[in-house]
Amino acid sequence: MTRLFQGIMTIGLLLLMGGCTVKYSANGASIDPGAKTVNVRFIDNRAPINNPTLSQNVTEKLRTKVTSQTRLVQVNEDNTDYEFRGNITGYAFSNAAVTNVDKAATSRLTVTINVTFVKRVGDKKGWTQAFTRSADFSATQLPSAVENSLLENNILPQIVDDIFNKSFANW
């Protein structure tokens with residue numbers, strides 16, 4: 001009787017464990033098993049003030065992030081499994097901190113990108129969201145002297161990570 005009970009429990013446990021699956025990923029990306037293609041469309045710059053290379057840079061950084069950290073292949077066609085569309089809607093320099101003599105001590109560059117993520121596989125739950133990131137610099141520096149460095153080292157990597165995480169890590 002005890003052997004029979006142990007046998008039934010063992011079989012039941014094996015059946016229960018066989019029905020459970022866990023999906024692990026080295027980068028935390030959750031991609032639908034049927035998804036194979038992605039189209040990161042060119043992100044237009046529609047900000048009132050703009051940097052002439054910003055559209056190209058952000059588009060390439062997002063394409064590189066998606067293709068290097070997922071198994072998806074970039075395809076420039078309609079009806080891909082995943083699609084990113086976007087516009088740069090904000091690009092501005094402002095004062096971030098003022099000294100006691102009404103003189104700027106720190107300035108800030110802020111970039112806003114409005115992104116639409118279209119998902120044609122799985123639950124098909126896409127989204128549209130604005131992503132904003134800023135970087136501060138000393139007000140004694142000219143914006144033109146620090147602009148490219150702030151974009152390449154601070155703002156664009158952060159925005160691209162935010163877009164990627166919202167799309168594939170559901171953060």
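## Phe 93 in strand 4

Phe 93 lies in strand 4, which covers residues 82-98. The model is a predicted one. With a relative accessibility of 32%, Phe 93 is classed as partly exposed, because that class lies between the 20% limit for buried and the 50% limit for exposed.

Leaving aside residues up to four places away in sequence, Phe 93 is in contact with Arg 108, Leu 109, Phe 137, Pro 143 and Glu 147. Val 111 is 18 residues from Phe 93 in sequence, and the C-alpha to C-alpha distance between Phe 93 and Val 111 is 9.2 Å.

## Ser 107 in strand 5

Ser 107 belongs to strand 5, residues 104-119. The relative accessible area of Ser 107 is 11%; Ser 107 therefore counts as buried, the limit being under 20%.

The contacts of Ser 107, again without residues up to four places away in sequence, include Ser 94, Asn 95 and Ala 96. Ser 107 also touches Ala 135, Asp 136, Phe 137, Ser 138 and Ala 139.

## Strand pairing

Strand 4 and strand 5 run antiparallel and are joined by 15 bridges. Within this pairing, Glu 83 is opposite Val 118 of strand 5.

Strand 5 also pairs with strand 6, residues 127-138. This pairing is antiparallel and has 12 bridges. Here Thr 116 faces Thr 128 of strand 6. Strand 5 is therefore paired both with strand 4 and with strand 6.

Conventions: Residues numbered from 1 in each chain as written. Predicted model: local features only at pLDDT ≥ 70, side-chain atom pairs only at ≥ 80, totals over all residues. Heavy atoms only, no water. Helix = DSSP H or I, 4+ residues; strand = E, 2+ residues; numbered from the N terminus. Buried < 20%, exposed > 50% of the residue type's maximum accessible area, 1.4 Å probe, protein only. Contact = heavy atoms within 4.5 Å. Pairing = 2+ DSSP bridges.
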